[in-house]
Amino acid sequence: MSFDLISEKITLPDSFNDDAWEAIEDQLYRDGCTDGLPIVAPTPERVRRMIEYNRLDPQQLIAAAIPPRNGPATVEKIAINAVMAGCRPEYLPVVIAAVEAMTSPGFDLFAIQATIHPAGLLTYVSGPIAKTLDINSGAGCMGPCWRANATIGRAIRLILLNCGGGFPGTVDKSTHGSPAKYTLCFAENEDESPWEPFHVERGFKREDSTVTVLATEAPHDINGQDATKASSLLRILASSVISAGSANFRFTTGSDLVICMGPEHAALVAREGLTKDDVRDYVFKHARVPLENISEDHLIARKKAPVQHGVFDGVSPIPVVLKKENILILVTGGVGGHSAWLPSWAGPNHRAVTKRIRLPDET
Amino acid sequence: MEKRGIPAVLVVSTPFKSLALAQAAAFSLPNVALLVLPHPMGVSVAPETAALKAENAVEELITLMTNQGALQ
């Protein structure tokens with residue numbers, strides 16, 4: 001196996017010192033290669049160390065093209081961005097699996113990169129690797145202070161930027177952008193979930209670890225502190241996701257929507273014998289936007305273009321997803337009576353993709 | 001479509017020109033026929049304003065449609 005790195009290199013001045021590091025950061029920032037935060041300089045040594053740790057060929061092609069720029073995502077390119085993001089070498093397999101997932105056939109990455117919607121790329125980890133890598137699944141898992149959460153999600157953003165060309169304003173046309181575009185990575189709270197792990201639900205072995213990607217907005221809180229029984233909580237969940245301004249509602253054509261149940265909420269409904277599918281079933285049946293909440297123009301658009309917006313019979317409240325399988329139920333977070341929901345960017349058929357994470361000791 | 005012999009023009013509004021050019025470059029189509037209309041064209045302008053912008057662009061659209069050979 002060759003460990004030659006072929007990416008363009010920045011030549012350091014002879015009088016190398018701390019100022020030179022700042023010069024490198026400044027140059028990468030000026031070239032539009034960073035997210036605006038300081039980066040770890042992707043020196044050949046650091047990039048090589050990350051690739052060698054994972055016993056990978058730097059020129060192995062993980063994805064032929066990251067749209068719209070269509071830059072290839074080789075192991076080397078992915079590792080450069082992961083180093084810049086601050087990833088430890090052992091995080092690389094998660095980033096690689098996420099790249100495989102987001103470039104899978106049918107996953108509309110071009111549209112996600114170019115849309116005016118504020119779509120981040122949710123990177124959700126399920127399985128034993130979450131503990132191995134200390135990916136936060138508990139208190140504050142969608143927030144700061146965990147290196148794996150912060151840097152794996154950031155690496156994905158830098159890959160979308162540097163391989164895919166998704167720079168705000170020129171290619172990424174998001175009206176406002178989103179804090180979710182910096183990083184959006186967290187893990188399943190498997191220890192406190194009353195149900196089978198998410199990756200098992202999706203057909204993987206319990207000992208597998210997986211990463212699931214979906215283009216979503218930043219999390220929206222669901223405060224269900226006063227719920228003491230399942231029926232109360234389910235009503236809160238269903239009524240929280242019926243925003244008539246969400247992309248999921250505007251395009252009810254088969255896209256996924258995420259509900260992250262806090263462990264206390266999951267325990268509350270499981271105590272009454274309900275499964276994840278029961279939650280999904282209730283939310284699908286009850287998360288419907290009443291017609292009085294819908295603008296006249298939107299109802300006209302529904303009638304004119306059902307292929308784009310979803311079928312509408314003219315009288316019934318409109319569901320926020322096409323079918324119940326479009327609702328992903330995750331268990332995440334720490335103590336407290338809170339859950340969260342993440343509307344997806346809701347392209348015509350935007351479904352989450354799950355990939356198994358391959359570890360270095362696998363052949 | 002042009003490769004199939006069907007005249008084609010890519011129509012975008014001003015802010016989307018950069019995205020169109022990035023995509024054209026990615027597909028090695030530097031001479032893609034591109035008609036750029038003044039933004040906005042959607043919900044934030046009156047229908048008659050949008051119609052006027054469209055009418056003003058017809059001549060350039062025809063030129064781009066009928067001059068495809070020059071773009072090769």
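Reply: A polar contact is a pair of N or O atoms within 3.5 Å; within protein, one must be able to donate a hydrogen and the other to accept it, and residues adjacent in sequence count only if both atoms are side-chain atoms. This is a predicted model, in which local features need pLDDT of at least 70, side-chain atom pairs count only at pLDDT 80 or more, and totals for chains, interfaces and linings use all residues. Residues are numbered from 1 along each chain as its sequence is written, chains are lettered from A and ligands numbered from 1 in the order in which they are written, and side-chain values use heavy atoms, with hydrogens and water left out.

Me: Which backbone oxygen does the side chain of A:Ser255 reach?
Reply: A:Ser255 sits in the loop between helix H10 (247-250) and strand S7 (257-261) of chain A; helices (H or I, at least four residues) and strands (E, at least two) are DSSP runs, numbered from the N terminus. Its side chain reaches the backbone nitrogen of A:His350 at 2.9 Å. At 2.5 Å, the backbone oxygen reached is that of A:Gly347.

Me: How many disulfides are there over all chains?
Reply: A disulfide is a pair of cysteine sulfur atoms within 2.5 Å. Over all chains, the count is zero.
A:Cys141 is in no disulfide, and the nearest cysteine sulfur, that of A:Cys260, is 7.2 Å away.
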